[in-house]
Structures are given as structure tokens and as C-alpha cells.
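Please look at the sequence and the structure below, and keep both in view while you read the report that follows. The headings mark the topics in turn.

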Amino acid sequence: MHKVSLMSALDPEVAGQLAEDLPPDVFRTIISTFEDDLSRLAHELAEAAQAGDQEGYERAAHSLAGAAAAVGATGLEREARIAMDHRQPEAPAVVLPRLLVEAEAALRALHALIN
Amino acid sequence: MPAPIPAARVLLVEDTPTQAEIAKAMLRDFGHDMRHAETAGAALEIAQEWQPDAILVDLVLPDFSGMELMRRLKAQGVNAACIVLTAHGSVNTAVEAMREGATDFLLKPYAAARLRVTLENALEKRALRQALDTAQTVLRRDHFHGFIGASPAMQAVYRTIESVAGSKATVFISGESGTGKEVAAEALHQASPRRAKAFIALNCGAIPRDLLESEIFGHVKGAFTGATENRIGAARAADGGTLFLDEIGEMPAEMQVKLLRFVQTGQVTPVGGTRAEKVDVRLVCATNRDILAEVQAGRFREDLYYRLYVVPVVLPPLRARGEDVPLIARHLLAAYSREEGKGFTGFDDEAEAAITTYPWPGNVRQLQNVLRNAVVLHAGGTVTRAMLPGLLLHGLLLQGAPSSAPAAAASKPVGPSPIEPLVVSERRLILAALEHTGQDVLRAAALLDVNPSTLYRKLTAWKKEG
């Protein structure tokens, strides 16, 4: 089982800077937007993988990598970049579960940062 | 805390909501007016309609790439500073982005401070570029309202007119006859906030002295013999606009007193009337005389001089305008050719040389007359030297007095004198004759009505002088 600690899920420099740059209510809104992105993009990834839609899969992975990078979710970004690289040997069935674990860990870490 | 940067219009082109929300929050915090497009197509539409100062462009977009977006923005004439947002910090990406017109690029994720500095630099660079473009446009103007000319002397005139146009200050235009004093007065009016109101021009030298007061201030019915109707006068006709008094140096002394009172009070009393009326007029005066000399000679009131000579505009004679001469000549030839239905296309080398080297004592007005004459009398094609009047070919000595001769007799004209040392004129005439005859000394001597040996002697002497 792939396990991620709260601390390693986030790049403290990026996430900490964001928390510092933005007022708390704005930071909360951004976490909420990130959650929406995660939910939508994970769904798009799974659907594209199931349909064998490589282009859709890579596009969703690219967006997910971008969203993750924006909040400093480094682990999630790494997994998303693996998914968006069409040369990588790992099948979606292998990458996706790992990606979801990273997503959950990133969210927990971000919420911890707010509180 | 960094100093606030001036509010700008910033368009964010970003399709990932998380990234967009972060950028939007930062931009709002900077105080910018901000819009957001999720696709390149939407960005093109917004940019066209909104004309942003800066555009933050994500490279990967759902419809087409950020690079392609910058290409299309450029093609549409959108003049915004583009900053590329990229997750890949490769040199190739940066180089390609710059090649497509990006001002800078920003590596994602970015902190607010980095975005702020990058944006500030891009906006500053854009402002500098715009200021430079404006300055270059202003410095290289080859026309200004009714003027044609790109010479440094005329650029200075354009700048003065522009600077003073917005004010109500009285402008005093001086320059030789034919230099465009009325054109300058009209340019002042057109460049001013008064442009929607009347521009009234009055030539003080052309109006009989008994009628001048009535022409300027109007009269009431029965004020004098022949005053069968009320007449509004130039000052009231120009209310809210500009009153141009040309040849002010010709104004009789008794009229100068009345003009002084008008300038001091802004009130007009028509001839035969009793009630003064306030008018809002911007006064522009002109003369081809040396007005200060007129004051010193007691012919022009000193107090009026100081009231009128607030902002001087000195129009250079055509001979001091260098490359403006062929520029104006080409412009006039095209205009007259069009008006007269002739197909003139330009000047041959000899004609252009003659036009360029002639000193034009009558200034632009003389050039206009010469070219009108050439167009009217000839069928079209290229203007040759044979189509130009002889005086252009034989130099200053044959040209006669300047067209402002009567005024010049009364006082010294403004600007450098057209008279030059005899030896200089002689040399120019001889060289012109030689050029005209294809360096044929015998024919040149015949044209000049001198013995060929005189020419040989002169040429030998000049050669020795180097």
C-alpha cells in the first residue's frame, strides 16, 4: 500500500508561501477550487483510462499536474506527470490508485495548513 | 511592503481553475483591473474588445496553444505585454516565447512577489516602448495640420503649437511672407479645445483703416453712412473660438488703443453702440515685420506689444527648411496635378535640384505659384527644368525683390536676409549655368552674357582656392 505522510505531500515552500500571500478566506476558496479540480479531473482520468482515450487521459493528467503544482502538492504532481507522459511504462491501473492516495494526502495537508 | 504599481488591465488566460483562482487572487490584491479567459479563443475576443495592458498566457490551452494565441494577438494588433506562464523552465520554451512576442515568462508555481515584479517590469517596459514610439512619431512628423515638413525647424514649430494650443494665451506668429502664418494660426485653433467653434481670420493690412474697427468689433445700424444693418464683427463671430489678426503691424495707432482695451477687458463695443459685450476669444496675431523694431520706432504701442507677444511662434523661411523643399514640392505637385486633372508623376533630377537649391524668397507661397504654373501650362508626366521659370535657373540676382516688398520697405523682414555677398551669388550663377549647359563653358558664357575667358579665369581661380 502506497502511504504518504502529511508533510511529504506538500512542498512547504509553495504551500506555505501561498498561505502567507493570500488572506485566509481566499486561501480556503483556493483549496475548495482545488478539491473541485481534483474530483473532476480524477473522474476524467478514470473515464479516459476505461475508454482507452489516451489523449483525454494525458490532457486530464496535465491539468491535474498543473493544479497540484499550483498548491505545492508535489507528490500528486509527480504522479500526474507520470500519467501524462505517454512514454511511461506504467498502466493507468497502476498509476491511478497511487495518484488518488497522493491527492487525498495533499488535501489533508492543505486542510491542516488552514487549521 | 512594496510600492503599489499603477492599476493596469490584465487578462489572465488559464484553463485550470486552481491556477486561475490563485492568479486572480494575487492580481486583485495588486489592485489591477482583471479579466479571465479559460480558452485561447475567448482570450482573443476579450483582448480585441478590452485592449489589456498585459496578458498572462498559459502555454497549454484547450483550443490552441499559448504560442499560437500570441501570434494571433499580434496579428490582431493587440499591443499588450505578454507574459508566458509555463511549468517547463527550459531555455527553448523561453526563447520560443520571446520570439512570439512575449515580454517575459514566469515559471509555475510562482509566489505573489514574483508575479508582481514580473508584471511590473513588463508593464514598465511596455510604457517605455509606447513613450519611445510616441516620441519617435512626434520627432519624425512630416506634416502637422496644414503644414508639410519634417525639418527640425518645423518640428520645433509643431511642438510649440501643440504645447500652447490648450491654453488661452495670446500667440504671436512671425515669419516672412509666404511662410504659413495663417496655416500656423489655423493649426493652433484645430489643436485647441476651441476647434468646434469659429476660426475668424482678418488681415489688418488689407482692410481700409476706417473700416477696421467695424470689421473687428462690429457696428450698429446707422453708426455711419452705409451701416444699414447691425454687423456682428470678427471678435463676436469668434466667440468661443479663435480670432486671428494677420499683419498686426499694419494696424493704425488709434485702432491699436481699441485693440488694447479689448485685450485687457475681453469686452467688445460695436461702432455706434453703447453696451459692451463680453466675449471669450483666443487671440492670435501675426506679422512679417520685426515687431520689436516697430515698437522701438514708435509705430506700434509698447503696452499692446507686451499684451500680444505672450507666446511667440517663429516660422522659418523655406530656405532654412532643407529637405522640406522637395517634400513640399512633391506634395503640391500631386495636389495640383489632381486638381487640374493632369498626370504629373514627379520631378526629374535637374528640376528637383533647381527647386532644392533656389532660395525661395517668397517662401512656400512662391513655390506654390511656380508649381501651379508648371502644372497648368504643361500636359503631365515628369516636371523638367524647362517647365520651371527662368529665375529658378539663374539664381538670386534675377529673382527680384521678395513678395513682401512693401512691408519690407517699411521695416526689416524677420529672419535672415536673402541678400548674400556678390562673390557667392556670382559663383552660384556660374556653376548653375555650367550645370545647365552640361559643363559647356562657351554656352554658359553666352547665357551669362560674359566673355568665356572670364569663366575660365574664375574656374581656374576657384580650383586654386580648392
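## Terms and source

Two strands are said to pair if DSSP finds at least two bridges between them. Helices (H or I, at least four residues) and strands (E, at least two) are DSSP runs, and they are numbered from the N terminus.

This is a predicted model, in which local features need pLDDT of at least 70 and side-chain atom pairs count only at pLDDT 80 or more, while totals for chains, interfaces and linings use all residues. Residues are numbered from 1 along each chain as its sequence is written, and chains are lettered from A and ligands numbered from 1 in the order in which they are written.

## Chain B as a whole

The secondary structure of chain B amounts to 20 helices and 16 strands. Chain B has 466 residues, of which 37% count as buried; here a residue is buried if 20 or more other C-beta atoms lie within 10 Å of its own, exposed if 12 or fewer, and partly exposed in between, with the C-beta atoms placed from the backbone.

Two residues are in contact if their C-beta atoms, placed from the backbone, lie within 7 Å. Among the contacts in chain B between residues at least 6 apart in sequence, 70% join residues at least 24 apart.

## A parallel sheet in chain B

Strands of a sheet pair through backbone hydrogen bonds, either parallel or antiparallel. In chain B, five strands form an open sheet in the order E9-E10-E13-E8-E14, with parallel pairing. Strand E9 (199-203) and E14 of chain B stand at the edges, each with a single partner strand, so one side of each is left without a neighbour in the sheet. On average, neighbouring strands of this sheet are turned by 20 degrees against each other, direction ignored, where the angles are taken between axes, which are lines fitted to C-alpha atoms (for helices over the stretch in contact), and run from 0 to 180 degrees between N-to-C directions. E9(B) is joined by five bridges to strand E10 (residues 242-246) of chain B, and the two run parallel; Ala201(B) has Phe244(B) in E10(B) as its bridge partner.

In a regular strand the side chains alternate between the two faces of the sheet. In strand E8 (residues 171-174) of chain B, Val171(B) and Ile173(B) point one way while Phe172(B) and Ser174(B) point the other way, and all are buried. Four bridges link E8(B) with strand E13 (residues 282-287) of chain B in a parallel arrangement, and the partner of Ile173(B) in E13(B) is Ala286(B). E8(B) also pairs in the parallel sense with strand E14 (residues 311-314) of chain B, over four bridges, with Ser174(B) opposite Val314(B). Helix H7 (residues 181-190) of chain B lies across E8, E9, E10, E13 and E14 of chain B and runs at about 170 degrees to E10(B).

## Two helix pairs

Two packed helices are described by the angle between their axes and the distance between the axes. In chain A, the axes of helix H3 (residues 24-51) and helix H4 (residues 54-71) come within 8 Å and cross at roughly 155 degrees. That makes H3(A) roughly antiparallel to H4(A), since angles under 35 degrees count as roughly parallel, over 145 as roughly antiparallel, 65 to 115 as roughly perpendicular and the rest as oblique.

In chain B, the axes of helix H2 (residues 40-50) and helix H3 (residues 66-75) come within 10 Å and cross at roughly 25 degrees, which makes H2(B) roughly parallel to H3(B). Ala40(B), Ala43(B), Leu44(B) and Ala47(B) of H2(B) meet Glu68(B), Leu69(B), Arg72(B) and Leu73(B) of H3(B).

## Where the chains touch

The contact between the chains takes 20 residues from chain A and 14 residues from chain B. On the side of chain B that touches chain A, helix H1 (residues 17-30) of chain B gives the most, with seven residues.

## Backbone details

Most residues other than glycine have a negative phi, and most peptide bonds are trans. A cis peptide bond, with omega about -5 degrees, joins Lys108(B) and Pro109(B), and Pro109(B) lies in the loop between strand E5 (102-107) and helix H5 (112-139) of chain B.

Trp360(B) has a positive phi, near 45 degrees, and is placed in the loop between helix H14 (349-357) and helix H15 (363-377) of chain B. Trp360(B) is buried, with 24 other C-beta atoms within 10 Å.
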